[in-house]
Structure formats: structure tokens, C-alpha cells
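Biologist: I would like to learn how to read a model like this one. Please take me through it feature by feature.

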Amino acid sequence: MTITATGLSVIRSGRTILHPTDIVIRPGERVGLVGASGSGKSTLGHVLIDNLRAEGVSVAHVPQSPDEALDPLRSMAFHWREAERALELSADPIRQQMLFNALHIEGGDLRKRPWGWSRGMQQRFVIAMALIGTPDLLVMDEPTSALDPVVAAGTMDLLDAYLKDRQTALLLITHDLGLAARRVHRLMVMDDGKIVEDAPTERFLMAPKTQAAKALCAHRNWLELPC
Ligand SMILES: Nc1ncnc2c1ncn2[C@@H]1O[C@H](COP(=O)(O)OP(=O)(O)OP(=O)(O)O)[C@@H](O)[C@H]1O
């Protein structure tokens with residue numbers, strides 16, 4: 001389904017931190033939301049998730065660090081069961097194996113607690129959990145910033161492969177234009193609580209129009225990075 005939200009806005013402490021914003025994301029489309037720190041990306045991500053869920057749209061969220069999603073006192077099996085229960089799904093070993101294979105975590109011991117898994121495996125587990133219910137939209141907020149660059153690139157490669165030809169759309173929130181540019185079809189740039197630019201990735205990179213976009217593109221050293 002096409003994801004549509006209109007008039008999203010946020011005022012905190014009397015200050016508008018998100019000006020009225022409309023979002024449209026097509027099925028299977030991958031969109032990057034980029035911008036400087038404090039430009040309002042996470043705020044937009046959160047209000048979009050709340051809004052869509054209130055309308056019954058299936059939206060999954062992957063936070064920056066697996067610590068935000070995993071309880072250090074609970075086993076990985078517990079987390080998986082809870083994720084299924086939250087979606088009112090019965091346990092499905094075939095679905096679990098498919099997602100574990102897709103995210104390369106099939107070797108992980110589910111009896112262990114998060115700290116028994118590497119950080120990269122933990123984050124791939126969190127991504128697999130987010131995909132259990134085949135969401136219409138997956139929102140990822142700086143999903144690889146807690147990982148080293150090689151593990152980060154590998155994680156995004158696995159997600160790319162999984163999402164290919166599927167209907168689940170992706171909103172990738174990051175201040176890292178290099179990461180987003182390699183992974184998304186379209187880039188939206190935020191500046192001071194507004195989307196100031198919205199263009200297909202290649203067109204955006206060839207000809208950024210606004211000052212905020214030009215500033216992001218000016219850091220061309222990201223072309224050398226693996227993700
Ligand atoms: N609860 C709050 N009360 C007041 N201001 C807030 C609150 N939460 C966020 N802000 C302000 O809103 C603005 C946008 O914050 P937000 O976290 O959405 O930006 P961001 O682009 O995601 O930044 P980063 O990349 O650093 O995470 C910032 O100026 C922040 O200080």
C-alpha cells in the first residue's frame with residue numbers, strides 16, 4: 001500500500017520543531033531522510049510512526065542501537081516470542097528460519113541473552129524482529145551507527161537483498177548521506193524542521209538545490225566509504 005501522511009507537525013516548549021509536512025512513500029520504495037543533527041529527522045520519524053499506527057498501517061521501527069530494543073536480562077528467544085505476541089501471530093518456525101537466514105543470524109544461540117551475541121548480530125536480530133509482521137513500512141533511525149563500517153555495510157546489504165522485490169517500504173533516517181545514497185531510491189533533506197528537498201537519489205546527487213543539501217553533498221569523502 002502507498003504510505004500517506006499529511007499535515008504532520010510538532011510544537012515543543014512553544015517552538016515548532018516540525019513544520020506541517022506531508023509524506024508519500026510508494027510500496028517497496030526506499031527513501032532516505034537526511035539532514036544535519038537537530039534538523040528534525042527523528043521527530044518526523046516518530047510522529048509519522050504514531051500517525052500511521054493510529055490509522056492501522058503496519059509500521060515497524062528499528063532504533064539506533066540494539067540496546068533500545070533488547071532487554072539485557074531476557075533471552076533472544078523471549079524477545080522473538082514477545083515480538084510475535086505483540087503482533088498477535090502464532091509461533092512460526094518457517095518464518096523465523098527464513099528471516100534468520102536472510103539476516104545471517106541462523107547460527108545465533110537463542111537461549112543466550114543479548115550480550116551473548118555480537119553487536120552486529122544483535123542489530124540484525126532486531127531488524128529480523130521488525131520484519132516478522134511483513135510491515136508496510138520499516139522506519140530505521142541511524143540503524144548502523146553503533147556498528148563498525150564493515151559490519152554496517154554487510155547489514156545494509158542483507159536488508160537490501162531481503163527488501164528487493166518486496167512491498168515493504170523503507171524510510172532510512174540518517175545524517176550520513178553516504179549511507180543513504182547507496183541504499184535508497186529517493187532522498188528527502190530536512191533543515192530546521194522542514195523538508196527542503198525531495199528528489200530521486202541520482203538527480204539529487206547531481207544537482208542539490210538548497211544550501212542544506214549542498215552542505216551535505218560537499219562532504220564528498222563519503223564516496224570512498226564501504227556503506
Ligand atoms: N522534547 C523536546 N523538547 C524541546 N525540543 C526538542 C525536544 N525533542 C527534540 N527537540 C528539538 O527538536 C529539534 C529536532 O530534534 P531531532 O532529534 O528530531 O533532530 P534530528 O535531526 O533527528 O537530530 P539527530 O540527527 O542529532 O538525531 C532539535 O533542535 C531538538 O533540540
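Modeller: Begin with a local feature: D192 is found in the loop between β7 (186-191) and β8 (194-200). Keep in mind that this is a predicted model.

Biologist: What is the phi of D192?

Modeller: It is near 50 degrees, a positive value in a residue other than glycine.

Biologist: Is D192 buried, partly exposed or exposed?

Modeller: Burial is read from a count of neighbours: 20 or more other C-beta atoms within 10 Å make a residue buried, and 12 or fewer make it exposed. D192 has 14, so it is partly exposed.

Biologist: Which residues surround the ligand?

Modeller: The shell consists of R12, S13, I17, G35, S37, G38, S39, G40, K41, S42, T43 and H175. Helix α1 (residues 41-54) gives the most, with three residues. By class, one residue of the shell is nonpolar, nine are polar and two are charged.

Biologist: How many helices and strands does the protein have?

Modeller: Eight helices and eight strands. The radius of gyration is 18 Å, close to the 17 Å that the globule rule gives for 227 residues, so the protein is as compact as a globular protein of that length.

Biologist: What percentage of the residues is buried?

Modeller: Buried residues are 36% of the 227. As for contacts between residues at least 6 apart in sequence, 70% join residues at least 24 apart.

Definitions and conventions:
Residues numbered from 1 in each chain as written. Predicted model: local features only at pLDDT ≥ 70, side-chain atom pairs only at ≥ 80, totals over all residues. Helix = DSSP H or I, 4+ residues; strand = E, 2+ residues; numbered from the N terminus. Near = placed C-beta within 6 Å. Nonpolar A, V, L, I, M, F, W, Y, C, P; charged D, E, K, R; others polar. Rg over C-alpha atoms; globule rule 2.2 N^0.38 Å. Contact = placed C-beta atoms within 7 Å.
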